[in-house]
Amino acid sequence: MMPRFKGQLIKNLFCRSLTRDILLSMGLRILAVVIVSSGLSYFHLMSTLESQTREQLQKYVIERGKREESLFKLAEDNHKTLKQALLKRLEQLGNQDPREQFNKLFYLWSDGTRRNFLENLPVKQFDSEQYPSVFIGKQVPNTADVRRRMLAFYELTKSYGPAWSNRFVDTYIMGPENFVANYWATVPWGIEAKVDVFMPNEEYFYISDKKHNPARETVWTGLYFDTVPKLWMVSVETPVDDRFGNHIATIGHDIILNELMERTVNDHLHGTYNLIFRSDGRLIVHPDYMPQIQQKLGHFNILESGNAHLQHIFHVVKTLRVETGVIDNSKEDDDEYLAVTRINGPDWYFVTVYPKSLLAEIAANNARFVLNVGLIALVLEILLLFAVLYKQVTTPLNKLLIATDQVSEGNFDIDLNTKLPNELGRLANAFTTMAKQLHESFMLLEKSNEELEVRVQNRTTELSQVLQDLQQTQSQLIQTEKMSSLGQLVAGVAHEINNPVNFIHGNIAHIDNYTQDLLKLIEAYQAHYPNPPETLQETLDDVDFDFINEDLIKLLQSMKIGTDRIRQIVLSLRNFSRLDESEFKAVNLHEGIDSTLLILQHRLKSKPDFPAIEVVKNYSELPLVECYAGQLNQVFMNLLSNAIDALEESAQQKRNTNLQNHAATICISTQVMANHWVQIAIADNGLGIPETLTSRIFDPFFTTKPIGQGTGLGLSISYQIVAEKHHGKMWCDSSPGEGSKFVIEIPICQPKLKHS
């Protein structure tokens, strides 16, 4: 009986059955809901993100605009104060000629210019922190008016310049005849200026003359490169006219833009970029056009760039009627937001370009997550439903079917579970009672048959027909009883179809509670037994309990979400989509290399058994590089020491084998890379490193030297210094018998320092 019963269960599992139909029907409906929910979540999140992003961009550009604009507004306020002081001082001087005081302060140089410093003294002796520097061009007439104005310029810049130096790099007053007093705490501009400097021809002056500035207002220059301090600047200029309307002076501040430009390029929202341009199209900052801007000395115009996208951004921003706003730039391929704010003063536009693809990626990831969780929940729910249906519906029904077949074959020895607490239990009990009654009836009929056979023997042939009638009646009774039993069974099964489904629905909430209790039990176990006994730890290691624990939490959470969703689907589908060291400094790398060579000089000299090592330097002109100078020198020391060791070992082997010993050479070369990095290469013509070992030379404690002569840490530490501390690269090229070359590449400016 048992083998037959198991075979019937397997057959029902893989063929069409009530359980399979219920699972398939529910699975398809749940899958449709999961897909629709994923799509709705995508569009809902996309709409929400667009609204939030526009609001955040509005706040971001307003904050950035105020931050960048504050310094420009302060400069204009300073000019108003200084202009009033200048006019007042000139009024006090009147028509007097301060020749004596003028000659004491300003010296005539051999090139015809006048400056407030002796020509034959070193410039570094000039105290630029205390005094402004003065430049008077050789073509400037030495008149009383010029002397009065020059003396007033000098006194006022000396008075106001130090007070404003904490916010402005310099303060200066220029005369239209080509003379200036400039306070710059770190640069003696007037002392270092070349003899042919003619300021009236420069933008920072002529924008204030009457031809270019008839309104006589404070104006701003465009971006330019000052050749004396070698910095990117923008200047604010205020013309000063006397009571007769004559242009007698121009007050100026220079604002260094290097930090602003770097901040604009590097300090941006994730996935976006910033740019600044002037209202006339002059590009100030753009992460992709900085080389072109530098090449044209700040005179790069968007309208002449040939970039249609950049030109479209310029025209769209220019049409904005308010000073701050967010523009939906969805023309053709430009699917993006433009967050715009106007920086008053220099008349600049600060623009943040935010591609909409960032929002689509976030929404798609969320929808993908919802879909994946829904599919996992679907699979788990189907498995749970199958387990419940199989245990509480399929198995009892299959037993009833098998018992029916047994009864129809005359086998009344059936074994059904009559203790089930549901309609299936009552149906099994009724079927068992019916089978017993039918069996008793068959027994009684069989006994009657025996009695009738005895009587028939004593009767005449007339009773034969009676016996035949009795047998016919017996067959009809059996058939009637069988049909009645089958009818009751079919009616009970039809009555029970809805009840198991309701039972499953009612127990989903209990499954959720049991899952939460199990999670709390696991968390309590981990909290109270963080260090289990050794025997238990071995068992945990064997079964990988950490993985099981981590994965079980995810599975139980998915089951909780899935069962909660199924419960809501059964009740109503309307709520399914809702889910309750040392500091960096700029250094000259050549000085570090040379100092390292100086330390190793005793090893480079000739010895009785070893010739001198020749060091060949192929230095390129390098800028100052931001780095940990001491640590980088440690790298140079390790590489040069290893090169010397390799050359000594090479000389020893060649001497032992009587081979000709070539001159030992170490070649050091430096160059600037196109990507604003520098490269330092140190090569020797020693024995080289076998190809099989080059991949391991940077591993800790690995060394090619004999035992006792190397720790295997030098190159490992050097690699960490270059790669981790300086965000650079380090590798080795080696050919056995020809030598080795170690190459270091690091950025000139460390990116992490830009915001500090």
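Q: Which residues touch the most other members of the largest nonpolar core?
A: In this predicted model, the largest nonpolar core has 62 residues, and Leu86, Met150, Phe277, Leu283, Trp348 and Val351 touch the most other members. Helix α2 gives the most to this core, with eight residues.

Q: What makes another set of residues a core of its own?
A: A nonpolar core is a set of buried nonpolar residues joined through side-chain atoms within 4.5 Å. Another core, of 40 residues, lies apart from the largest one; among its members are Ile613, Val635, Ile668 and Phe702.

Q: Which residues does Phe277 touch, not counting those up to four places away in sequence?
A: Contact means heavy atoms within 4.5 Å. By that rule Phe277 touches Arg282, Leu283, Ile284, Ile302, Phe314, Val317, Asp347, Trp348, Tyr349 and Val351.

Q: Why is Asn78 called buried?
A: Buried means under 20% relative accessible area. Asn78 has 8%, so Asn78 is buried. Asn78 is in helix α2 (residues 18–93), and touches Trp164, Phe168 and His253, not counting residues up to four places away in sequence.

Q: How many disulfides does the model have?
A: The rule asks for a pair of cysteine sulfur atoms within 2.5 Å. By this rule the count is zero.

Q: What makes β16 and β20 edge strands?
A: Each of them pairs on one side only: β16 (614–618) and β20 (729–735). They belong to an open sheet of five strands with mixed pairing, in the order β16-β18-β19-β21-β20. On average, neighbouring strands of this sheet are turned by 15° against each other, direction ignored.

Q: How do you know that β16 and β18 pair?
A: Two strands pair if DSSP finds at least two bridges between them. β16 and β18 (residues 665–672) have five bridges, in the parallel sense. Glu614 stands opposite Thr665 in β18.

Q: Which strands does helix α19 touch?
A: Helix α19 (residues 714–725) packs on the sheet and touches β20 and β21 (739–747). The direction of α19 makes about 135° with that of β20.

Q: What is the average pLDDT of the protein chain?
A: The average is 78, and 77% of the residues score at least 70. Over residues 489–502 the pLDDT is below 50, and this stretch has 12 contacts in the model beyond near neighbours in sequence.

Technical notes:
Residues numbered from 1 in each chain as written. Predicted model: local features only at pLDDT ≥ 70, side-chain atom pairs only at ≥ 80, totals over all residues. Heavy atoms only, no water. pLDDT = per-residue confidence, 0-100. Helix = DSSP H or I, 4+ residues; strand = E, 2+ residues; numbered from the N terminus. Axes fitted to C-alpha atoms, helices over the stretch in contact; angles between N-to-C directions. Buried < 20%, exposed > 50% of the residue type's maximum accessible area, 1.4 Å probe, protein only.
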